[in-house]
Amino acid sequence: KKVNRIESNNPTARRVLFLGNSITLHGPNADIGWNHNWGMAASSENKDYVHLVVKGLQERYGDIDYTIANIGDFERGYWKEDALLPFQGAKDFQADTVIFRFGENIRQEDLAEHPFFEYLKSFAEYFTQSAKKVVVTDCFWEYESVGKDLKRLAKERGYDFVTLSDLGYHEENMAIG
């Protein structure tokens, strides 16, 4: 499942869209030993990053409606004409807040042939039309070319930017073993 939607039935609830790769949402895959439907590497759903952020938002704002979309296919084919088509449901959610947390699956050889920034701008326009707040992160592992484009997008559009790439340097932040 590539999209999960959780709604509170409260018409005044804040609406948050999480767009990311397997760290955000990954369905079961026996081939890699993953039997869950939450953010990969978390030991339980309530410990993945999305659910920790939702918990914090609920404590601060009350009811939160949210949609989680795994956009890994976009990372692996962002230049394709129909790259955003599978995510129409996430777009239709019309979030107040959108969080971009991806980049690790973009291949360096694809960047050489298809410079990422122009596609990233289209991606942002597609998902943020109703958003009052947008948060962009860089990659968990330092990935200079993609991180630079994500940071540039945030700066040019006035989005909040969160640096995460320093986390990848510390083993205690990784799901080893």
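Me: Where does glutamine 94 lie?

Reply: Glutamine 94 sits in the loop between α3 (88–92) and β4. Those labels come from DSSP runs numbered from the N terminus (helices: H or I, at least four residues; strands: E, at least two). One heads-up: this is a predicted model, where local features need pLDDT of at least 70 and side-chain atom pairs count only at pLDDT 80 or more, while totals for chains, interfaces and linings use all residues. Residues are numbered from 1 along each chain as its sequence is written, and side-chain values use heavy atoms, with hydrogens and water left out.

Me: What is the value of phi for glutamine 94?

Reply: Start with the general idea: most residues other than glycine have a negative phi. Here, glutamine 94 has a phi near 55 degrees, which is positive even though the residue is not a glycine. Alanine 41 is another case, with a positive phi of about 85 degrees. You'll find alanine 41 in the loop between β2 and α1 (49–61).

Me: Is glutamine 94 buried or exposed?

Reply: Read that from the relative accessible area: under 20% is buried, over 50% is exposed, and partly exposed is in between (1.4 Å probe, protein chains only). Glutamine 94 has 52%, so it counts as exposed. Alanine 41, at 49%, is partly exposed. Asparagine 37 is in the loop between β2 and α1 too, and its 24% makes it partly exposed.

Me: Now the sheet. In what order do its 6 strands come?

Reply: Strands pair if DSSP finds at least two bridges between them. Follow those pairs and you get an open sheet in the order β1-β3-β2-β4-β5-β6, with mixed pairing. The edges are β1 (3–6) and β6 (160–162), each pairing on one side only.

Me: How many bridges join β2 to β3?

Reply: There are 7, and β2 and β3 run parallel. One example is arginine 15, whose bridge partner in β3 is aspartate 65. On to β4: 5 bridges join it to β2, and these two strands are parallel as well. Phenylalanine 18 has isoleucine 99 as its bridge partner in β4. Since 5 of the 7 residues of β2 are buried, this strand is largely enclosed by the rest of the structure.

Me: Which residues touch the most other members in the largest nonpolar core?

Reply: First, what a core is: a set of buried Ala, Val, Leu, Ile, Met, Phe, Trp, Tyr and Cys residues joined through side-chain atoms within 4.5 Å. In this 33-residue core, the residues with the most such neighbours are Leu19, Phe74, Phe100, Phe102, Phe116, Phe123 and Phe127. At least two core residues come from each of β2 (14–20), β4 (97–101), α5 (116–127), β5 (133–137) and α6 (144–157). The largest share, 7 residues, belongs to α5. There is also a second, separate core of 10 residues, with Val50, Tyr66, Ile99 and Val135 among them.

Me: What is phenylalanine 127 in contact with?

Reply: Contact means heavy atoms within 4.5 Å. Skip the neighbours within four places in sequence, and phenylalanine 127 is in contact with Leu17, Leu19, Leu84, Phe87, Ala90, Lys91 and Val98.

Me: How many aromatic pairs are there in the whole structure?

Reply: A search finds 15. Rings of Phe, Tyr and Trp (its six-membered ring) pair if their centres lie within 6.5 Å; planes under 30 degrees apart are stacked, over 60 edge-to-face, and the rest tilted. Phenylalanine 18 and tyrosine 66 are edge-to-face, at 6.3 Å centre to centre with 85 degrees between the planes. Phenylalanine 18 is in β2 and tyrosine 66 in β3 (residues 64–70), so this pair ties together parts 48 residues apart in sequence. Both residues, phenylalanine 18 and tyrosine 66, are buried. Phenylalanine 74 and phenylalanine 102 also pair edge-to-face, at 6.3 Å and 85 degrees.

Me: Which ring does the charged end of arginine 152 sit over?

Reply: A charge sits over a ring if NZ of Lys or CZ of Arg is within 6 Å of the ring centre and within 35 degrees of the ring normal. Arginine 152 does this with phenylalanine 117, 3.7 Å from the ring centre. Arginine 15 lies over the face of phenylalanine 93, at 4.0 Å from its ring centre.
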